[in-house]
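Let's read a structure together, one feature at a time. Keep the picture beside you as we go.

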Amino acid sequence: MTVPDPKTNQNQNNKVQVPFLVSAPGKVIIFGEHSAVHGKPAIAAALSLRTYLSVSKSESPDTVSLIFPDINFSKQWKVSDFPWEAAAKYQVIPSNDGKLNNSAAFSKSSDELVPELVSALAEMLVTIDDPTHYSAAYAFVYLYVNICNSKMPGYTFTARSTLPVGAGLGSSASLAVCLASSLALIGGHIAPASLSINELVATDSPDSDFIHSWSFLAEKCIHGNPSGIDNAVACYGGAVMFQRMKSSVPSVRTAMRNFPPLKLLLTNTKQPRRTADLVAKVSALVSDFPKSSGVIMDAIDYITREGYKLMIRPFFDNEAKSRFRELIRMNHGLLVSLGVSHPTLERVKLCCDELEIGDTKLTGAGGGGCAITLLRDELSESTMKNAEARLVSEGFETFETTLGGKGVGYCPLDKAADVDKFDLFRLEDREEIESTVGVGANPNFWSFW
Ligand SMILES: Nc1ncnc2c1ncn2[C@@H]1O[C@H](COP(=O)(O)OP(=O)(O)O)[C@@H](O)[C@H]1O
Ligand SMILES: C[C@@](O)(CCOP(=O)(O)O)CC(=O)O
Ligand SMILES: [Mg+2]
């Protein structure tokens, strides 16, 4: 983490030049969604589908603007509308000797939202009725007052995802990481990223840890009680075994460097749902039936650990693959018993079972959204084409994606021409976003923390 000038709260070295872009990946949970919230381990990997966010100066210097076309939402505030005084009491500003002048608040705010700040921000959000809009705006304003300050000029934040939003692939966490990294850059708390796509990261950097801790709070704003697995993957990339610990003990995150090349089909039911509702539903079940639901959570715990053991074997051979598929099938059944499947998800599963292409489970919070099918090895191209055509004919959408990619990235927009070329608002669709700014199609534009 860099040390900002205490007067301006801006880092003097490596100061970011506006405009710029940041980006973070979505994720797929292989085992352990929901049980992860209740302290059990889970396994997830970063996707090649990502969220991109641009930061530019607002036309009017005292206006902060959000432009979120994927959810049909835009909003403006005046810089002076933000509750800076309330924020100052809890804000963590590193002093120029590099020590945190409010370290108690830092450790608290890196774990829990500050209730006084939440109520001070409520007035800025009162006119927003749609919960989708509200949660995105809430995450933004919470991070903005904590990470930025009243002396900074107004900026415009435009976000676009190549991920489906609200479909179990971690769009909320990838947005949270984009917000945390862009605000940390303009607030002068971190330096622009410098690692190229092929450089391996030996250890986590203080800058990525800073982004990670604030993105967790943004996830809290979006869905109440996140385990932290989604924003960890969106921030650090790769594949992880993750376990949330009881409050005040940090979560355990074990990078899985030899993640086997899984052949996955990703199917979006297009059934909308909110993670917040499903996480609350499972938490209600846990408190109503602690013993019965506890046994289900324990079973998922064993499945995840069995899956982990198979995945870290030096050879992910046929025997390992067939055991792995059994685990996928069992994990789905247990999620059904927690009440988080949906008729559309069951239809995807039925279809894949009938076609005998592999084993299917819901991924993410369920209630709609996406399913993953771990494909059998020996499937021909025509079998796969037929299977995808059948799923599409039933109203679903299939995705091709690769697993285990990079975490949060940064792309400077140095030249004036870049600003028009990379105007996220104007890009037509996922394909155009990917081909114009995408990390996959344009790896040389990007650096990583
Ligand atoms: N590209 C985006 N633009 C604006 N808001 C987004 C975007 N992606 C995610 N969000 C926010 O995250 C919410 C979806 O999060 P969630 O219900 O956790 O689903 P998931 O993380 O599985 O996509 C949206 O309702 C919105 O508030
Ligand atoms: C249900 C859960 O395990 C995953 C939610 O993922 P998503 O928001 O549906 O992509 C919640 C969490 O771990 O925070
Ligand atoms: Mg989410």
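Q: Which helices and strand each supply at least two residues of the shell around ligand 1?
A: Helices (H or I, at least four residues) and strands (E, at least two) are DSSP runs, numbered from the N terminus. Here helix 4, strand 5 (155-161), helix 5 (171-186) and helix 6 (206-223) each supply at least two residues. This is a predicted model: local features need pLDDT of at least 70, side-chain atom pairs count only at pLDDT 80 or more, and totals for chains, interfaces and linings use all residues. Residues are numbered from 1 along each chain as its sequence is written, while chains are lettered from A and ligands numbered from 1 in the order in which they are written.

Q: Which residues come nearest to ligand 1?
A: A residue is near a molecule if its C-beta atom, placed from the backbone, lies within 6 Å of it. Of the 23 residues around ligand 1, Thr132, Ala136, Ser171, Ser172 and Thr275 come nearest.

Q: Where does ligand 1 lie relative to the domains?
A: Domain bounds come from an automatic or database domain assignment. Domain 1 (20-256 + 403-448) and domain 2 (264-399) both give residues to the shell around ligand 1, so ligand 1 lies between them.

Q: And what surrounds ligand 2?
A: Ligand 2 has 16 residues around it, and the closest are Pro226, Ser227, Thr275, Gly364 and Ala365. Helix 7 (229-236) and helix 8 (275-288) each supply at least two residues of that shell. Domain 1 and domain 2 each give the shell around ligand 2 at least three residues.
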